[in-house]
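Look at the model below and follow the chain from its start.

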Amino acid sequence: RKFSAIVTCFFLDTMVDFVELVEVLDGLLDDGGVWVNVGPLNWRSEARLKLSWDEVVAIWESRGYVFQSQERVDCDYHLQRGNKMYTESYWCALTS
């Protein structure tokens with residue numbers, strides 16, 4: 001089964017093997033499809049590689065991805081600021 005779009009949110013850094021994730025999702029995406037991603041690179045301790053954003057971009061580009069947009073956005077995790085005493089916030093990459 002193939003999809004014309006895939007959206008990942010606070011997901012990339014949860015993988016143990018980022019390259020394997022790209023291969024799997026690439027296999028699910030139609031030619032010319034769009035992969036939209038938002039989230040930080042707060043790699044879990046089990047991650048084989050703790051890649052920088054530039055390294056993540058290089059892996060995508062080496063597989064033929066072309067970025068339509070890339071920007072950094074300030075994201076709150078779980079709840080918006082002001083709804084509880086402590087809120088985790090991250091500078092996230094928003095890409096498509």
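In the protein, 62% of the contacts (heavy atoms within 4.5 Å) with a separation of 6 or more are between residues 24 or more positions apart. This is a predicted model, in which local features need pLDDT of at least 70 and side-chain atom pairs count only at pLDDT 80 or more, while totals for chains, interfaces and linings use all residues. Residues are numbered from 1 along each chain as its sequence is written, and side-chain values use heavy atoms, with hydrogens and water left out.

The protein has two helices and four strands; these are DSSP runs numbered from the N terminus, helices being H or I of at least four residues and strands E of at least two. Their order from the N terminus is β-α-β-α-β-β. Of the 96 residues, 33% are buried, meaning under 20% relative accessible area with a 1.4 Å probe, protein chains only.

A pair of aromatic rings is described by the distance of the centres and the angle of the planes. Rings of Phe, Tyr and Trp (its six-membered ring) pair if their centres lie within 6.5 Å, and planes over 60 degrees apart count as edge-to-face. The whole structure holds six aromatic pairs. Phenylalanine 18 and tryptophan 43 are edge-to-face because their ring centres are 6.1 Å apart and their planes stand at 80 degrees. This pair links distant parts of the chain, with phenylalanine 18 in helix 1 (residues 18–28) and tryptophan 43 in the loop between strand 2 (29–39) and helix 2 (53–62), 25 residues apart. Phenylalanine 18 counts as buried because its relative accessibility is 3%.

Note on methods: Buried means under 20% relative accessible area, exposed over 50%, partly exposed in between (1.4 Å probe, protein chains only). Rings of Phe, Tyr and Trp (its six-membered ring) pair if their centres lie within 6.5 Å; planes under 30 degrees apart count as stacked, over 60 as edge-to-face and the rest as tilted.
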